[in-house]
Amino acid sequence: MIKRRKFFTLIGIVCLISSNGFAQSYVESALLFSRTVPGGSARIQGMGGTQIALGGDYSSGLSNPAGLGMYNRSEFTLSPGLSFYDTRAQYVGTTEDATRSSFNIPGLSLVFNMPLDKNGFVGGSFGISLSRTNDFNRNTQYQGSDGTSIIDYFIADAAGSTTAQFDGFQFNTPTGLAYFNYLIGPSSILDPPGSDTEYFSDVLTIPDQREEIETRGATNQWSLSYGANFKDILFVGGGIGISTLRYRSTKIYSEVFNNDVLMNDIFNDLRLDESLEVDGNGINATLGAIVRPVDFVQLGVSFTSPTYYELNEVYSASMRTSWNNFDYYGDGSEILNNRDAATDIVMSEYSLTTPMKLSTGVAFLSKYGFVGGDVEFINPSKTRYSSQISGVSFSQENEDIRATLKSVVNYRIGGEFRYNILRVRGGYSMQSSTYQKDLDLDNSIRTITGGIGMRLQKFFVDLALVQSKSDVLYQPYNAVVDGIPNAVVEIENKIMSGILTLGFTF
């Protein structure tokens, strides 16, 4: 049976939230999957991703196919990479660090040069390239006690409906798991009885909280592109991109309760495990042009269509609780010790359309190298979900995306110094914050790069180091106790990547 994930509050990704509650997981997934990074060779990565007005590099197949028109030889490249991920999480005065490393192949290409001199048409080149455009690998962990419990959230989330909700829309949610673990119950079973749409918990003390979050996966794009050369002045090109998306998230959230007289030693701990997998493929198209009005200046422009994804999603969760022979109803009919419950395996199929992208660039050339810059215009609020399944609507999720995200302008600048066969490179890029100003949040990504290279007649090698930093806020649940919301986790992400490109011309 196909079901749609709706508002699972603990699903998935380390996300930014607004101060008035959870940002819906579909909003954050839309941003995560649509916010690509400049892919390409170590040469391009070493210059901060600057590439729109440049050419003669397989990276043009992804960013601006017109650049393939500058090739005068055929070429094969392989670009292995090694990335180190560092995450620092601060929660109510406690700091936790988590690290991991990953070897990958972020680039692979084959370019065929087809020279032709006819009526000003110098020929062109066809390129097949693989580029990594997004990286989801992270480990995050935190612990502490902010004076609330996730049970407070479960009580508030269940309020307003009778227990019939747990056989319906709340069955495959963490709140449903809490009900089946007896963490919450309807007030109607109390003495004296209360409302059957209000809920209570027998667990009363403040827990120590801990969570471990692990995400894996990437987005890679195969680009099939062609660039043409007219009189070494005008270069035009186009290409088709086939994108593959793989995302995995596992979360382990736990609370340990320090028993006291008030609790009467009835409850020990709870653990919630969640798993989310998203897989799919997408397609887009890119058109571009580069003009060289004078020998020392190149101007470039590139347009990338929206990427149309067809995605499959699988979600599951389980909860385990430990009680101390607690007589739940007080009549001996239900004695609680170790309890557990699990959701169904919830499968979803839907479409995701990421926004189009317009990029412009300029490069200033000399015999000693060049400097250049790119400006990228993109509007994440145009990201849209849709489904062909009858009765499934994403209108609310799409409205949330429009209300949360905004259009942005991203910047890249970089340069290369040449001396004989040697190359030295450096660059900087800024991906601007995509959140509306009234949310008072900043999810900008700042990247510093550097690199070196060597060019021989039939062989070249380039090395780049790329360091990016970003800050996010994360809230595992949303609860308000005595008018005070639960604390957020402040997370600092750092990625250091080394990329090596080996190239052979023929």
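Which residues does L183 touch, not counting residues up to four places away in sequence? I looked that up before anything else, keeping in mind that this is a predicted model. My list for L183 reads I151, A178, F200, S201, V203, F267, L270, M319, T321 and W323.

**Cores.** L183 turned out to be among the residues with the most contacts inside the largest nonpolar core, along with F267, L270, V278, W323 and Y385. That core has 60 residues. I then checked which strand gives the most to the core, and noted β11 (residues 307–327), with seven residues. There is also a second, separate core of six residues, and I44, M47, A53 and A363 are included in it.

**Strand pairing.** β11 runs antiparallel to β13 (residues 346–354), and I logged nine bridges for the pair. Within that pairing, V314 has M347 of β13 as its bridge partner. Next I went from β13 to β16 (residues 384–386), where the pairing is again antiparallel, over three bridges. Here L352 sits opposite Y385 of β16, and Y385 is a name I already had from the core list.

**Surface.** Which residues form the nonpolar patch on the surface? I wrote down F76, L78, L82, F84, F103, I105, F112, L465, M496, F504 and F506, and together they have about 990 Å² of accessible area. β1 (75–91), β2 (94–118) and β23 (489–505) supply at least two residues each. The largest share comes from β1, with four residues. I placed F506 in the segment after β23.

Going through the torsions, I flagged the peptide bond from D191 to P192 as cis, with omega near 0 degrees. P192 belongs to the loop between β5 (185–186) and β6 (199–200).

V92 went on the list too: its phi is near 40 degrees, positive in a residue other than glycine. I found V92 in the loop between β1 and β2, and those two strands had already come up with the patch. Is V92 buried or partly exposed? V92 counts as partly exposed because its relative accessibility is 40%.

D482 is another non-glycine with a positive phi, about 55 degrees. D482 lies in the loop between β21 (480–481) and β22 (484–485). I put D482 down as exposed because its relative accessible area is 77%.

Technical notes: Residues are numbered from 1 along each chain as its sequence is written. This is a predicted model: local features need pLDDT of at least 70, side-chain atom pairs count only at pLDDT 80 or more; totals for chains, interfaces and linings use all residues. Side-chain values use heavy atoms; hydrogens and water are left out. Patches are made of residues with over 30% relative accessible area and no salt bridge: like charges are joined within 9 Å, nonpolar side chains (Val, Leu, Ile, Met, Phe, Trp, Tyr) within 5 Å. Accessible areas come from the Shrake-Rupley method with a 1.4 Å probe; for residues, only the protein chains shown count as cover. A salt bridge is a side-chain nitrogen of Lys or Arg within 4 Å of a carboxyl oxygen of Asp or Glu. A nonpolar core is a set of buried Ala, Val, Leu, Ile, Met, Phe, Trp, Tyr and Cys residues joined through side-chain atoms within 4.5 Å. Buried means under 20% relative accessible area, exposed over 50%, partly exposed in between (1.4 Å probe, protein chains only). Contact means heavy atoms within 4.5 Å. Two strands pair if DSSP finds at least two bridges between them.
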